[in-house]
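Here is a short briefing to read alongside the structure. Please keep the 3D view open and turn to each topic as it comes up.

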Amino acid sequence: MPCLLRFILLLMSKMQNDNIALLIDADNIGASGLDPVLTALAELGTVNIRRAYGNWTKSALKGWSGILHKYGIEPQQQFDITKGKNATDMKMTIDAMDLLFRGNVSGFGIMSSDSDFMPLAMRIRQEGIPVYGFGSAKTPEGFRQACSRFIDVDALMKAESNDDSGKVDEDLQKLLVDAYKASSRDEKGFASLSEVGKLAGNRSSFDVRNYGFTKLVDMFDAVPSFDVQRRDGGSVWVRRLR
């Protein structure tokens, strides 16, 4: 079999085997952002495992109850046995560890704004498996940084619907400049957009959708201090302007 054909078959096999698990803390987060969350997780593979955890006897979870079947989500019932104690977090953690050590999951999504999942995200990453966190803007920094990538669900919905134009603040500009400086540059000072994005992505909270953009190139187009160059073959290069 020719080498190229073998490579294509191996690549297709890998793509088919990228089995992603989405675990949802329904007691802690609303259901409105589920559609773009599933779209974002498609970057990792196919979301075959979809579970939502909570006390489904509560009226507060009515918003989730109406869409579980629509998205093929398996509800996991957890009663509030002791006041002030959340059995949902414990059940989610146990299930995540079971899935991790069965060895058939290649990526996780954790939908919650609860900092209690920080140790879980860190433990999964120690096995070399990516973890995407999805929560609100008020999610504690500890959980954000524990994830391979953390995405603000509200910002994600805005980016998907184009309801708001992207914003580039001072902190984001500094992050992009630092990533550019760390990248390899050609004789004219241009660096590959993909390399700059990869370096910026080392900070887990960096995701273009958190800033109202859908593509990295759109973000750089919005930064006045960068020149964006589109070259033959579809590659994109960026250069910092003085």
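Leaving aside neighbours within four places in sequence, which residues is Thr88 in contact with? They are Asp25, Asp27, Tyr53, Gly54 and Gln78. Please keep in mind that this is a predicted model. The protein chain has 242 residues, of which 45% are buried, and it holds 10 helices and 9 strands.

**The chain as a whole**

- Among contacts between residues at least 6 apart in sequence, 59% join residues at least 24 apart.
- The accessible surface of the protein chain comes to about 13,100 Å², and carbon and sulfur atoms account for 52% of that surface.

**The sheet of 6 strands**

- This open sheet runs in the order β3-β2-β1-β4-β5-β6, and its pairing is parallel.
- The edges are taken by β3 and β6 (149-152); each has a single partner strand, so one side of each is left without a neighbour in the sheet.
- From one strand to the next, the twist averages 20°.
- Inside the sheet, β1 (residues 19-25) and β2 (residues 46-54) are joined in parallel by 7 bridges.
- One place to look at that pairing is Asp25, whose bridge partner in β2 is Tyr53.

- Thr88 lies in helix α4, which covers residues 87-102.
- Thr88 counts as buried because its relative accessibility is 1%, below the 20% cut-off for burial.
- The contacts of Thr88 include Asp25 and Tyr53, the two residues that are bridge partners between β1 and β2.
- Gln76 sits in strand β3, residues 74-77.
- With a relative accessibility of 13%, Gln76 also counts as buried.
- Beyond four places in sequence, Gln76 is in contact with Arg51, Ala52, Tyr53, Gly54, Trp56, Lys91 and Asp95.
- Asn55 is 21 residues from Gln76 along the chain, and the C-alpha atoms of the two are separated by 8.2 Å.
- The side chain of Gln76 makes a polar contact with the side chain of Glu74, at 3.1 Å.

**An enclosed helix**

- Helix α2 (residues 34-41) is largely enclosed by the rest of the structure, because 6 of its 8 residues are buried.
- The buried residues of α2 are Leu34, Pro36, Val37, Leu38, Ala40 and Leu41.

**The sheet of 3 strands**

- A further open sheet has the order β7-β9-β8, with antiparallel pairing.
- Its edge strands are β7 (191-192) and β8 (226-230), each of which pairs on one side only.
- β7 pairs with β9 (residues 236-240) over 2 antiparallel bridges, and Ser192 stands opposite Trp237 in β9.
- Helix α8 (residues 170-182) packs on this sheet and touches β7, β8 and β9; the direction of α8 makes about 105° with that of β9.
- β8 and β9 run antiparallel and are joined by 5 bridges, with Phe226 having Arg240 as its bridge partner in β9.
- The hairpin of β8 and β9 has 5 residues between the strands, and in this hairpin Gly233 takes a positive phi near 95°.

**Aromatic pairs**

- How many aromatic pairs are there? The count comes to 4.
- One of them joins Phe143 and Phe150: the ring centres are 6.0 Å apart and the planes are at 80°, so the pair is edge-to-face.
- Phe143 and Phe150 are both buried.
- Tyr180 and Phe226 also form an edge-to-face pair, with 5.6 Å centre to centre and 80° between the planes.
- That pair links distant parts of the chain, with Tyr180 in helix α8 and Phe226 in strand β8, 46 residues apart.
- Tyr180 and Phe226 are both buried, and together with Phe220 they form one aromatic cluster.

Methods:
Residues numbered from 1 in each chain as written. Predicted model: local features only at pLDDT ≥ 70, side-chain atom pairs only at ≥ 80, totals over all residues. Heavy atoms only, no water. Pairing = 2+ DSSP bridges. Helix = DSSP H or I, 4+ residues; strand = E, 2+ residues; numbered from the N terminus. Contact = heavy atoms within 4.5 Å. Axes fitted to C-alpha atoms, helices over the stretch in contact; angles between N-to-C directions. Buried < 20%, exposed > 50% of the residue type's maximum accessible area, 1.4 Å probe, protein only. Polar contact = N/O pair within 3.5 Å; in protein donor to acceptor, adjacent residues only side chain to side chain. Areas by Shrake-Rupley, 256 points an atom, 1.4 Å probe, with all protein chains shown as cover. Phe/Tyr/Trp six-rings, centres within 6.5 Å; stacked < 30°, edge-to-face > 60°.
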